Amino acid sequence: MKAKIHVYLKPGVLDPQGAAVAGALHNMGYDEVTAARQGKLIELDLTGDDVEAARKRVDEMCAKLLSNPVIESYSIELA
Amino acid sequence: MKSAVIVFPGSNCDRDAHDAIEKVTGHKPAMVWHQDSDLPEGTEFVMVPGGFSYGDYLRCGSMASRSAIMPAIVAHAATGAPVLGVCNGFQILTESGLLPGALMRNAGLKFVCEKAPLTVENANTQFTSRYEAGAQLLVPIAHHDGNYFADPDTLDRIEGEGQVVFRYGRNPNGSARDIAGITNEQGNVMGMMPHPERAVDMGHGGTDGLALFESLLGSA
């Protein structure tokens, strides 16, 4: 089984890297970009085939290490 | 006071911390490897030094804060004993939950390396009792992720409780309310981005960090 975890900054947390990306896109002429937020994608290979059990474990991994609840949220996809 | 300096893979201020502690106390601190699970018997002061533990992968300090020694440091802090985290050490202490908030990428996106003007906001802590309240210091900073963030309620609370100990005179990194160093609510755990251990000898170009170690460890 594979888990894909998206980690992104919470709304309201300033993202200077995202702001720099938006600025660079503007400089390239992509004026339709109004904002950019930069996050992370983490892929895990997992043993076992119980999706609900895996979701619980991956959720725990996110809370304990993969995200920082002070500044980040996350979402989990299992396949 | 018996001291210990924690050493992670990628720590690079551990020996500066060692030398600063030895200079003030006359005793060498124990150097404790991150994979140890206990602090040496009788340890009173724990210093978590600067550097780039685990290459700053994932988030600065995130993996170090989950290393084997951390439960012992958390338990040590819970007894009220002093713990100081500098730079990467500050990041590790926020990641471990010992201090509120988080350290994010500098607002200017650049690594900053300079002498930072600081104001001592609270001289009534065990880390700052040898400073005058409002004293102006020059202490080196060297970081890419020193942009202190906490939600407005947390910021109001730590300001109200006197937990903001150092503030930048000129904000180098976008930190909320110019915050350079904070303590926990109990006042026994402090984290700061500036490096007091790099300002304890005229060979460093200044000694404004010396009083911090003297406050904590006493001195001749």
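**View 1. Gly218 of chain B in the segment after α5.** In this predicted model, in which local features need pLDDT of at least 70, side-chain atom pairs count only at pLDDT 80 or more, and totals for chains, interfaces and linings use all residues, B:G218 is found in the segment of chain B that follows α5 (210-217); helices are DSSP runs of H or I with at least four residues, strands are runs of E with at least two, and both are numbered from the N terminus. Residues are numbered from 1 along each chain as its sequence is written, while chains are lettered from A and ligands numbered from 1 in the order in which they are written.

**View 2. Surroundings of B:G218.** B:G218 counts as exposed because it has 11 C-beta neighbours inside 10 Å, the cut-off being 12 or fewer other C-beta atoms within 10 Å, against 20 or more for buried and values in between for partly exposed, with C-beta atoms placed from the backbone. B:V24 lies 194 residues from B:G218 in sequence, yet the C-alpha atoms of the two are 7.4 Å apart in space.

**View 3. Chain B around these residues.** Chain B comprises five helices and eleven strands, and 55% of its 220 residues are buried. The C-alpha trace of chain B spans about 40 × 40 × 30 Å along its principal axes.

**View 4. The contact between chain A and chain B.** Chain B contributes eleven residues and chain A eight residues to the contact, where two residues are in contact if their C-beta atoms, placed from the backbone, lie within 7 Å.
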